[in-house]
Amino acid sequence: MATFGKATFNSISYAASRPTYPRALFDHVFRYHGAVAHARWDMAVDLGCGTGQATVELTPFKKIMGIDPSAGMVDAARHALESESGKAVDVTGRISYVQSPAENLGFLADGSVDLMISAQSGHWFNWAKMWPEAARVLRPDGTFAIWIYSELRLPKYPSLTPSLSHFFQGTDPRTSIGPYWQQPGRSILDGHLVAIPDANDVVPGSFSDVTRGYFTGAYYPDLPSPQPILMRKRMTWHDLYGYFTTASALHTFLERNPEDAAHPEGDIGMRLWKSLLSGASEQEGVKVQPEQVVEVEWPLALILARRA
């Protein structure tokens, strides 16, 4: 993803402001992987690993590799790994990081990987190339788990959803960052990975199972068999603004509209944040302060594929 590779992109701020993935998600993936008699737990790979947030959670595996096309992200992941030393489950000696696109894993031998994951990155992949490469490097009964989370929701304040949707997905290039997302990746994410082709349509017979799950609660009732929300976080309103600033489309908007930063109410991200605070205050009947806590939820989509 081009924005993440720019020298102006702050990967440390990105890591600090993004939500973490719930333990229940990893447990779900590990149960799927271990459901076959010959599952192995030797090698795990995290594609599009970013700052390594998901990489360090692959603790059941003996060897773990994070892979990302951005040198800045790889450096940030290596730096973050140093802080993992001494934890109850210390994986620092088992993890390595490599700069590479996900679709070209020539440094991995055929049939050498037990689990591959892609956390919040698979919508950028070229799946005409990714599925064949996954089929090549995965061992028989190996697992490929791909997940994303989509536009956030504030469950206590459903009346604010239209403001959030206009900011993230609107079409007016003056009042929304929607036109500034890199496509088709963002549309694939907003569509909860439905547009990613089935593995066996790309490499027939290579995968014995492909399962799609939608942990989207009541937010997207048109998706097949939606399950309860898995991903939520309590954060301050101030931290919520920090999350907004990690949006790649916001970076692009501000690059193309530098005059927006001089707006008396702050840039477009700040103006959204202020409008949300105002809306929450109106609902509460008292002024909501930036240091107060708000619950945030993210609908999540997951694809699980097992190598034949």
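Strands here are DSSP runs of E, at least two residues long, numbered from the N terminus. Keep that in mind, and remember that this is a predicted model.

**Exercise 1. Work out whether the length of helix α2 fits its residue count, and say where its buried residues point.**

Step 1: Count and predict. Helix α2 runs over residues 23-34, which is 12 residues, and at 1.5 Å a residue it should span 16 Å. The expected span uses one less than the number of residues.

Step 2: Compare. The C-alpha atoms at its ends are 16 Å apart, which agrees.

Step 3: Pick out the buried residues. In α2 these are L25, F26, V29, F30, Y32 and H33.

Step 4: Look down the axis. The buried residues of α2 stay within an arc of 160 degrees, so they line one face of the helix.

Step 5: See what they meet. They pack against β4 (113-119), β5 (138-149), β6 (207-215) and β9 (300-307).

**Exercise 2. Classify the ring pairs that F144 makes with W127 and W131.**

Step 1: Know what to look for. A pair of aromatic rings is described by the distance of the centres and the angle of the planes.

Step 2: Take W127 and F144. Their centres are 5.9 Å apart with 35 degrees between the planes, and the pair is tilted. W127 sits in helix α4 (residues 127-137) and F144 in strand β5, so this pair ties together parts 17 residues apart in sequence.

Step 3: Take W131 and F144. Here the centres are 5.7 Å apart and the planes stand at 75 degrees, so the pair is edge-to-face. W131 is in helix α4 too, so this pair links parts 13 residues apart in sequence.

Step 4: Check burial. W131 is buried at a relative accessible area of 1%, and F144 is buried at 0%. W127 is buried as well.

**Exercise 3. Describe the largest nonpolar core.**

Step 1: Size it up. This core has 61 residues, and W147, L152, L154, I177, W237 and F244 touch the most other members.

Step 2: Find the main contributor. Helix α10 (residues 268-284) gives the largest share, 7 residues.

How values were computed. Residues are numbered from 1 along each chain as its sequence is written. This is a predicted model: local features need pLDDT of at least 70, side-chain atom pairs count only at pLDDT 80 or more; totals for chains, interfaces and linings use all residues. Side-chain values use heavy atoms; hydrogens and water are left out. A nonpolar core is a set of buried Ala, Val, Leu, Ile, Met, Phe, Trp, Tyr and Cys residues joined through side-chain atoms within 4.5 Å. Buried means under 20% relative accessible area, exposed over 50%, partly exposed in between (1.4 Å probe, protein chains only). Helices (H or I, at least four residues) and strands (E, at least two) are DSSP runs, numbered from the N terminus. The arc is that of the directions from the helix axis to the C-beta atoms. Contact means heavy atoms within 4.5 Å. Rings of Phe, Tyr and Trp (its six-membered ring) pair if their centres lie within 6.5 Å; planes under 30 degrees apart count as stacked, over 60 as edge-to-face and the rest as tilted.
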